[in-house]
Structures are given as structure tokens and as C-alpha cells.
Amino acid sequence: MEYALVTGATSGIGIAVSRVLARKGYGIIMVSSSEKHLVQAQKSMAKRFPETKVYTIKEDLGQKNSAKNLYRKVKETGLTIDILVNNAGKGLIGTTDKICIKKDEELMYLNMVTPTILCKLFLRDMYKRKKGSILNVASTAAFQPGPYNSTYFASKAYIYSYSRAIRYEAARHGVNVCTLCPGTTDTKFFEKEGIKTPAWAMSAIKVAEYAIDGLEKNKAVIIPGKANKFFCIIPSELKLMAVAFLKKPGLIHGKTLY
């Protein structure tokens, strides 16, 4: 059986991707910082996919050395990772001077440092086998700055750029690196922000289906839905002003989005 390692796997896009991959016959290793959520997610997966082997690993990927710890724990299972899905991430809303430095550091570690280190570690194994795939989850936020959500938007721009670069390197080794850039998605992102999920939000399962279809076709960049594709071609200065307008009302400094 081939295995997929999915970070941030217990909710939203993460659990949706896990379900799509399980449906396709992959064993799943689910990673989260919450033991409670891992237990719930594993029970849900077992009920939906009784034939699928599902493993869980608790690791807070927003902390230093967490990527190396996760890699070590995966190696201890003896399983080979055929697909790495770097999905775990979070956002903070507020003006950059007011957001807690420690929270911003954790965001940068979770959204940028951890995926980078996981790519480096698992790519080495994939290169030896001349086989494997990586799906890095960025966002349509990668295509413009985001006032009042600055570090999050910048982190997604980093993931987009980094993923495109290592895709070029990995191709000669028979390894695929794809970047998912979803737009507004119906996850707990908005619930944690304390606002209603926008009516136009795409379902997490639909995003996941786009993602895995694009991964199987080895698409460099996967943007789910025509509306999101159109959004990406709007001049960045206009999008910047739109983001600033949408984020500023009711601002709560340093609030975690997801």
C-alpha cells in the first residue's frame, strides 16, 4: 500500500484531502497538534474507509525542531511516504505593530519553516526512489499583499515561490511538486475569526478533489474554480486595497484565524 502524510489533517482541507486519498486506496498518516482531534479524525476515517490503514502522529508543527521530530516519528513507523501534503497553517488578523511577536513567530514557523524542512527531508528519500509527490498548500493570498493579515499573506507567497522553485529541481529526479492555491473555502477559518463563512466559499471536499486531480496530472499550480482563477489575474494593487477594506472593519488585533 502507498501512503500519504497529511499535516493539519483533522479538519478543513486537510481531512478532506485525507478522505479523497483514502478513497483512491492510499494509507493515510494524519498529523495534528491535538490528540483529541486526531482520535476523532481517525474514528471518522475508519467509519468511512474501513479497509484503509490510518495512522496518527501528534506534533505541534509551529514549534522549533517539530519538522525533524515528525520525520523521525514517520521513519520509526517503517512506512514509505509516497505523497507529502503540507497543509498545516494558520493566520493572524491585526495591524503588524499590535500582533504578538510570539504568535507571529509561530505562524512563520508553521506556514513557512516547517513545510520547507519537511520538503527537504522527504525529497531526499523520494530522490533515492526516483518517485514521489509533494502537494504544498498555498492560497490565492499568495498573489498580493494582505494588509491587516500581512504575515499570513506573505507566508503563502513564500510557499508559492519555494514550491515552484523546488518543482524545477525535483523534476529531474522523477518527483512531482505541485502547489495548491485555494480561494475562500468553507472551513473553520471564518468561524474562528468570529464571522459568517461567505456564501461563495467553496466546500473543502471540492477543493480537495481539485487538489488531488491536479496532483495526479502533475499540475504546477492548482487553482480550484473559475472565480479563483479570475481573481488571480486582477492587478495586485486592486486586490491589496480590497483585502485592506475587508479586513479592517471590526479588527481584533492578533486574533488567530485558523
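I started with helix H2, residues 35-48. Helices here are DSSP runs of H or I with at least four residues, strands are E runs of at least two, and both are numbered from the N terminus. At 1.5 Å a residue, the 14 residues of H2 should span 20 Å, and its end C-alpha atoms are 20 Å apart, which agrees. The expected span is 1.5 Å times one less than the number of residues.

A note on what I'm looking at: this is a predicted model, where local features need pLDDT of at least 70 and side-chain atom pairs count only at pLDDT 80 or more, while totals for chains, interfaces and linings use all residues. Residues are numbered from 1 along each chain as its sequence is written, and side-chain values use heavy atoms, with hydrogens and water left out.

Next I asked which residues of H2 are buried. They include Leu38, Ala41 and Met45. Buried means under 20% relative accessible area, exposed over 50%, and partly exposed in between (1.4 Å probe, protein chains only). Seen down the axis of H2, the buried residues fall within an arc of 70°, so they line one face of the helix. That arc is taken from the directions from the helix axis to the C-beta atoms. An α-helix has 3.6 residues a turn, so residues three or four places apart point the same way. Lys36, Lys43 and Lys47 are exposed on the other side of H2.

What do the buried residues of H2 pack against? I found helix H1 (12-23), strand E2 (27-32) and strand E3 (54-58). Contact means heavy atoms within 4.5 Å.

So I looked up H1. Of its 12 residues, 10 are buried, so H1 is largely enclosed by the rest of the structure. Among them are Ile13, Ile15, Val17, Arg19 and Leu21. The 12 residues should span 16 Å at 1.5 Å a residue, and the end C-alpha atoms of H1 are 17 Å apart, which agrees. Just after H1, Gly25 takes a positive phi of about 100°.

Thr10 sits in the loop between strand E1 (3-7) and H1. Thr10 is buried, at 17% relative accessible area. Leaving out residues up to four places away in sequence, Thr10 touches Ile15, Ser32, His37, Leu38 and Ala41. Two of those names I had already met in H2: Leu38 and Ala41.

Then a helix pair. H3 (residues 66-77) and H4 (residues 101-129) pack at an angle of about 35°, with their axes 8 Å apart. Axes are lines fitted to C-alpha atoms, for helices over the stretch in contact, and angles run from 0 to 180 degrees between N-to-C directions. Residues that meet there include Leu70, Tyr71 and Val74 in H3 and Ile117, Leu118 and Phe122 in H4.

Most residues other than glycine have a negative phi. Tyr148, not a glycine, has a positive phi of about 70°. Tyr148 lies in the loop between strand E6 (133-137) and helix H5 (150-171).

Asn149 is in the loop between E6 and H5 too. Is Asn149 buried or exposed? Asn149 is buried, with a relative accessible area of 1%. Asn149 and Leu92 are 57 residues apart in sequence, but 6.0 Å apart in space, C-alpha to C-alpha.

Last, the overall tally: the chain has 9 helices and 11 strands, and buried residues make up 51% of its 258 residues.
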